[in-house]
Amino acid sequence: MPTDAIRLEQQYLDGLYARVEELREETLAALTATNLADADGPRGLVDRDAHAARLSERRAGLDRAEHGLCFGRLDRRDGSVTYIGRMGLRDADLNPLLVDWRAPVASDFYTATAASGTDVQRRRHIRTTGRTVVGVNDELLDLDHAPASDLVGEGALMEALTAHRTGRMGDIVATLQGEQDEVIRADADGVLVVQGGPGTGKTAVALHRAAYLLYTYPRIAEQGVLVVGPSPVFLAYIEQVLPSLGETQVVLATPNTVLPGTTVTAVEDPGAAVVKGDVAMAGVVASAVRARQEMPDGVDVTFSGDVLRVAGPVLAGAAEQARRTGLGHNLARLVFAEEIWPHLTDLVLDRDRQLLEDTERGFEAELRKVDAAIAKQADQLPSAVEGAGTEVTGTAGEHEVMLVRRELEQDHAVAAVVDRLWPALTAEDLLEDLFEQIADRPELAPDLTEADRRVLARERGAGWSAADVPLLDEAAELLGVDDTVTDARLSARRREELRYAQQVLAASGVKGVSAEDLAGRFRERDSRSLAERAAADRTWAYGHLIVDEAQELSAMQWRMLLRRVPSGSLTVVGDVHQTSAATGTTSWDALVAAHPRRRWRRVDLSVSYRTPQAVLDAAAPVLRALDPDAPAPVAARAGGEVPWRVHSRPDALTADVIDLARAELDALDGGHLAVVAPAARTGELGDALDAALDATTVSFGADPELTAEVVVLTPEQAKGLEFDGVLVVDVEAVASGPRGLGALYVAMTRPTTRLGLIHLGPVPEVLAGLPERSR
Ligand SMILES: Nc1ncnc2c1ncn2[C@@H]1O[C@H](COP(=O)(O)OP(=O)(O)OP(=O)(O)O)[C@@H](O)[C@H]1O
């Protein structure tokens, strides 16, 4: 152990922590002063709060310094030294003490090699526990001493790769590799596709890229980053990475949770899932909306006891006018109504005019009669004419038009007719109606076959499935939000705020400020964090979207996600050989072809950091069966425990799994074990393991705890995760079905150390090369 170097780095680290303490004290003093300061009126109050919030944020940032504050040092040929860490620090004279890993100068730490012609002479990885330096690892970037591999900081990397897993992903900021750094720092424009085999660090890289983009681009920091992963289990696995890098402006979601207010409760029929995932459904949803805008051939409206007929062409014209605005259905509805109300008003006024004319005509006729009567007998006047003397002008004044229109709008029966013609719709109602009627109404889905329509048919109220979410989102997009409803809610809230402001002013005795001004100031201070506000808003425009396990998404899910980033700035990571969803993609080219207007770039990652070479070799026949041309990733760690297979029998399977799990736990010596089995077996196996392994924590079910020592998972749940050891149970069932080989490939590539496979029949071809172990 180079103790001198450790001592030296300890001194430097002590200096860094002394500076952190100073800054902490300064921040605390500033915070106390701010909180005690007299605010100059309500505006001052708000500014004070904002300042205090900034200081609290800074303090929280400094608190994070306790873990891995500084992890690297670069010595250049000119004698200059740069320390790299989780945050930037400067001394009181603004000289840099520590450089944030995302700053451009820090890039050399991850990419410099002897061959790259860099001026870096030495790269040092500094390992710390809390505030203590526990090790250093030096690499001389000198062609005469060039290491055999391309790995950067190999000693530190190997230490990270061989450490026991915890069930939670950690950041890899200290040991990022060159090809990963390139992806992380790639510019933010367009769509960056990152293809890589299992364990090549795609997830890790995607999350570090989120942190890099938030640090580098203020626009992205203002709008936040959306990270979409395949399942809640996966999100639980990765949720600590970004906070450990100090980032909070990130929303983590699955494709099922990106639509606020919708909960997935139903399991989709596999056939229906395929139809619902196809892009043709966009047309189906659009025609369902369009069908609600079809007009009848005229409609009768009863008002003040009279029947007014609105003719078919008038309705069709109004509908056309509304559609031409290009607004969502619920907004265009206001335009439609705006065409209909004046027409109805005219009809009423015409009718009144007609009545008046009739009356007038009648009146004149009466007058004539009177004249005749007078001429005949002067004292016999007809009683009906008595008192009639209003002057009739024949045209309605503006005031009268408004009066009639208001009466019409306030008449419930009339309003109901207009509502029925172009109803306000929710996405849920639209889809419930569509699925209820689709089997018998081919015109609703002209692009679908009869078989497809039948598979989609269902009763109302069956609950929403994962495949429904993008359809609901599509519908919500086409319908839009009727602002009249939100406006009414908003005005109610504004009234409430105003009342509150009046109370505050009365209680505080502050003078010279209006309640309106104070209420406005309250409003500007939405106490929710950016991530909370974004997650609750379907129409939030994110600055960047990161999609992990992106190969699993259906065409309709892509439409839903792309809608959330109008800027078109995306990072898409995945492996087209691990696809298990029937609606997922097995080729990035197909995805690119489906969205030709986007700017796409592709990067491939080639080194697998999770699995040792022996495990990759065991999985290689599965990869070849999936795609004979697929390049196999190369393991960063050569050798490793050779995976094995066991031939079990259905009646002995549970007992065998228990025995093998026991043996594996012993061999892993404190490491975590995953038992990956087909969905139909996980419950039974979980119960049996839980009962048999007394002193061991076992977790399974819909929401398993990944930090347990044994976790029982389906291949879908295991996606993206990793464990020290993995037992794949009932290989035949895992590999069955159209995308079964992809699922088996996923299951086999989860371990960092040991892999065992249990099959029930003759040796499956893809396992033929593995040594057999006795039960
Ligand atoms: N540069 C690195 N330094 C240390 N650990 C690394 C590095 N790169 C990747 N790893 C580790 O390798 C493992 C695999 O990474 P990750 O889960 O990101 O791979 P992946 O490509 O997403 O895998 P999969 O496709 O199987 O889901 C993780 O434990 C990760 O922390």
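1. Two residues are in contact here if their C-beta atoms, placed from the backbone, lie within 7 Å. On that basis, residues 24 or more positions apart make up 74% of the protein's contacts with a separation of 6 or more.

2. Some housekeeping: this is a predicted model, where local features need pLDDT of at least 70, side-chain atom pairs count only at pLDDT 80 or more, and totals for chains, interfaces and linings use all residues. Numbering starts from 1 along each chain as its sequence is written.

3. Overall, I get 29 helices and 22 strands (DSSP runs numbered from the N terminus: helices are H or I, at least four residues; strands are E, at least two). The radius of gyration, over C-alpha atoms, is 36 Å, well over the 28 Å from the globule rule for 775 residues, so the protein is more spread out than a compact globule. That rule is 2.2 Å times the number of residues to the power 0.38. Along the principal axes, the C-alpha trace spans about 135 × 75 × 50 Å.

4. Now helix 12. Leu315, Ala318, Ala319 and Ala322 are buried (20 or more other C-beta atoms within 10 Å of the residue's own, backbone-placed C-beta; exposed means 12 or fewer, partly exposed in between). Glycine 326, with a positive phi near 75°, follows helix 12.
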